[in-house]
Each structure stands twice: as C-alpha cells, then as structure tokens.
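Hi,

Here is the structure I promised to pass on to you. Have a look at it first, and then read my notes below.

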Amino acid sequence: MEKKSRILIVGATGNLGFELAKASLQASHPTFALVRDSAFSDLLKSRKLQTLSDQGASLLKGSLQEKTRLLEAIKQVDVVICAVSSKQVLDQKLLIEAIKQAGCIKRFIPSEFGLDPYKTRISGLDNNFYGRKAEIRRLVEAKGIPHTYICCNFFTSYLLPSIVQPGLKTPPIDEVTIFGDGNVKGVFMKESDVAAFTISAVDDPRTLNKAVHLRPQGNVYSMNELVELWEGKIGKKLKKIYVPEEELLKKIKETPYPDNMDMVFIYCAFVKGDQTYFEIESPDGDHKNFEIKHFFGVEASVLHPDVKYSTVAAYLIMFRRIKLSSRPLSYLIQQV
Ligand SMILES: NC(=O)c1ccc[n+]([C@@H]2O[C@H](COP(=O)([O-])OP(=O)(O)OC[C@H]3O[C@@H](n4cnc5c(N)ncnc54)[C@H](OP(=O)(O)O)[C@@H]3O)[C@@H](O)[C@H]2O)c1
C-alpha cells in the first residue's frame, strides 16, 4: 500500500484547523499540529488538543513567528496545511521561507479556504481581504513550492444560518432581504466536508499546483432558490424586500470596516457571482494548457466522489427543527 503523507497542520486549535486535523487522522495520515504555547492554557483549545492527541496526533510547540521551531516541525513532514485566520494570512511569509529552506515539502496548502482570490472582482471594496491571499499565492509560486489552493467558497456556518441576512444569526421567519435580482448563485460547504476534501487532495497528483474548487451538486444556490427552499421547510411564504446592486454598494461604502464585510461578501458572491461565473476544467479534459497557471482548476467532488458531503437542504432542516425544539442553537448546529 502507498505510504500516506505526514501532514503538519498550523492552526489546529481553530475552527477549520481542528476539522482538518481530525480529517487527517481519520484518513490515517501521520498527523502533526504546530501549537502556540498559549493554547495549552486555554480550556477549550486544550480540550481540542487532548482530543487530537488521544487520536494519535503529535503536538509540536511553535508559532508562525518562530523560524527554528517552524523548520524543526516542517522537517518531520511531507505536507503542510495552514489554517490561520484571515487576519493572519500575511504571517505565513516566514512559514513559506522555512518550507523553501527545508526543501522536503511535497505539498503546501496555504490558508485560503474561501473564494478564489484570483477570480474575485471586487478589489477596492474588501479592505484587501482577497489581495492578501493572492499575495501569498504569488509568493508560493515565485518560490516554486508545490501547492494546492482550496477554494471552498462559503462555510455553512457563515451566512447560511441567516439565509444570507447580514447581522442575523438565525433564519428570518417573516420577511427576507434579497440582494440584486436574487438569481446569482453562491456555494456553501460544511467545514468538516471542506476538511475531508482538503485531505483527499494532499496525495492526489491531479491537484498538484492547482486550485481545487468545491462546487458540488446540492450546494450551489441563488438567494431566490435559498429562500424558496427555506419557505418549503417552514411551510410559509416570506415577504421579500429586494435591494438593488447600487443600493447595496452605497450601504457597503457608508458602513465602516469591518462591519461592512458581510455585505461585501454577499455582494461578491450573490451580486457579482464571483463563486460561480467561471467554468472549472474537467480533470479528464485536454491537459495541454496545464502549464498555464491560474486558468484552470479542478472540482473536488468530481475528483473524489467517495467523499460524502452535507447539502444545503440537509443543513436547513436543522433550522426548521429550531421552531420545534427548545434546544439552544449551538446544540442544533452540532447535530448537523
Ligand atoms: N469560507 C468561509 O466562509 C470562511 C469562514 C471563516 C474562515 N474562513 C477561512 O478559513 C481559514 C481558517 O480560519 P478560521 O476561522 O478557522 O481560523 P480560527 O478559528 O481563527 O483559527 C486560527 C488558528 O490559527 C492559529 N494561529 C493564529 N496565529 C498563529 C501564529 N502566529 N502561529 C501559529 N498559529 C497561529 C490559532 O492558534 P491559537 O489557538 O494559538 O490562537 C488558531 O488555531 C482562513 O483562511 C479563513 O479565511 C473561511
């Protein structure tokens, strides 16, 4: 049997990083986590670390600011996956330098896990959110580091719980705001599914130096379709308030950063269509253009049909249960 790559996760105490570490262990990869000293004295984080350690993960102390520890950790593995938050994206520069210096890494997956930063068309609106991720891509490519980018679009825990209503945490039950004409499609993926697809990509030669897009059937919806789906779940029609593009742009500009970011992401996905306007190349297609970077990608569920994932419809069933249940929302979220 082919040997499984040894995987180092940076950010394993975080939301996505914990899922990545669990998925790596689940897939029987020797799994390592680079953990900051401070995490061990935090109750929630130390519980997560205990869970990972109990399942066989090796915990290595270090941070993105400590080059010696980074090098020590990198030299023990074949693959590095970074899942630091969007605020720390540029802090990956020293990690990239260490990966280059170590010379042993056969795949690096930088912290992206959202829309493809080479495809977004909202520069000037997003406080350089995607510009920072694109800057890291360019650095990885300039250094010649073997890589895969994971473009998973939205997490289900982001915006879907409110049916894309900025500022709300639960779905609307009387009226709903629809941005643009409501026909532009976006994509939602559950974090544990993002993690499973990411781990499936690490040893797959078809994903080397490519962007892997997650756009599977059952997870691509326009706002009109989402609302209709929700109405079907609750058995009730909602009052619809349409906010045209110009009005949304005006609100984005009038609202200070970072409070405007939900609206920016909504504009990007559901008005501009930046998650779905481009075709994804078939892995079985003509590969002659594969030397031309950035113009191709692969779709994860086509590459790995064995990975089971949650659909948007399944996720929304949980919210219908809220109406019938006295359980707190956090409990219900864990059940999905
Ligand atoms: N598509 C979406 O809808 C969506 C939504 C949210 C996030 N994301 C993306 O998902 C990725 C992960 O975000 P997240 O929200 O899961 O992150 P998170 O929960 O904030 O976790 C960040 C992790 O990074 C670690 N970390 C921070 N600074 C570090 C440093 N200097 N050295 C080493 N480790 C450090 C933290 O460790 P400590 O425990 O020590 O603090 C923590 O484990 C990001 O790329 C983000 O943009 C996407």
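Helix H1 gives the shell around the ligand its largest share, three residues. Helices and strands here are DSSP runs numbered from the N terminus, with at least four residues (H or I) for a helix and at least two (E) for a strand. This is a predicted model, where local features need pLDDT of at least 70 and side-chain atom pairs count only at pLDDT 80 or more, while totals for chains, interfaces and linings use all residues. Residues are numbered from 1 along each chain as its sequence is written.

In total, 29 residues surround the ligand, and the closest are Gly 11, Thr 13, Gly 14, Asn 15 and Ser 85. A residue counts as near if its C-beta atom, placed from the backbone, lies within 6 Å. H1 (15-26) and strand E7 are the elements that give two or more residues to this shell.

E7 also belongs to a sheet: three strands form an open sheet in the order E7-E9-E11, with mixed pairing. Its edge strands, E7 (154-155) and E11 (220-222), each pair on one side only. Two strands pair if DSSP finds at least two bridges between them. E7 and E9 (residues 185-189) pair in the parallel sense over two bridges, and Phe 154 has Phe 188 in E9 as its bridge partner.

Happy exploring!
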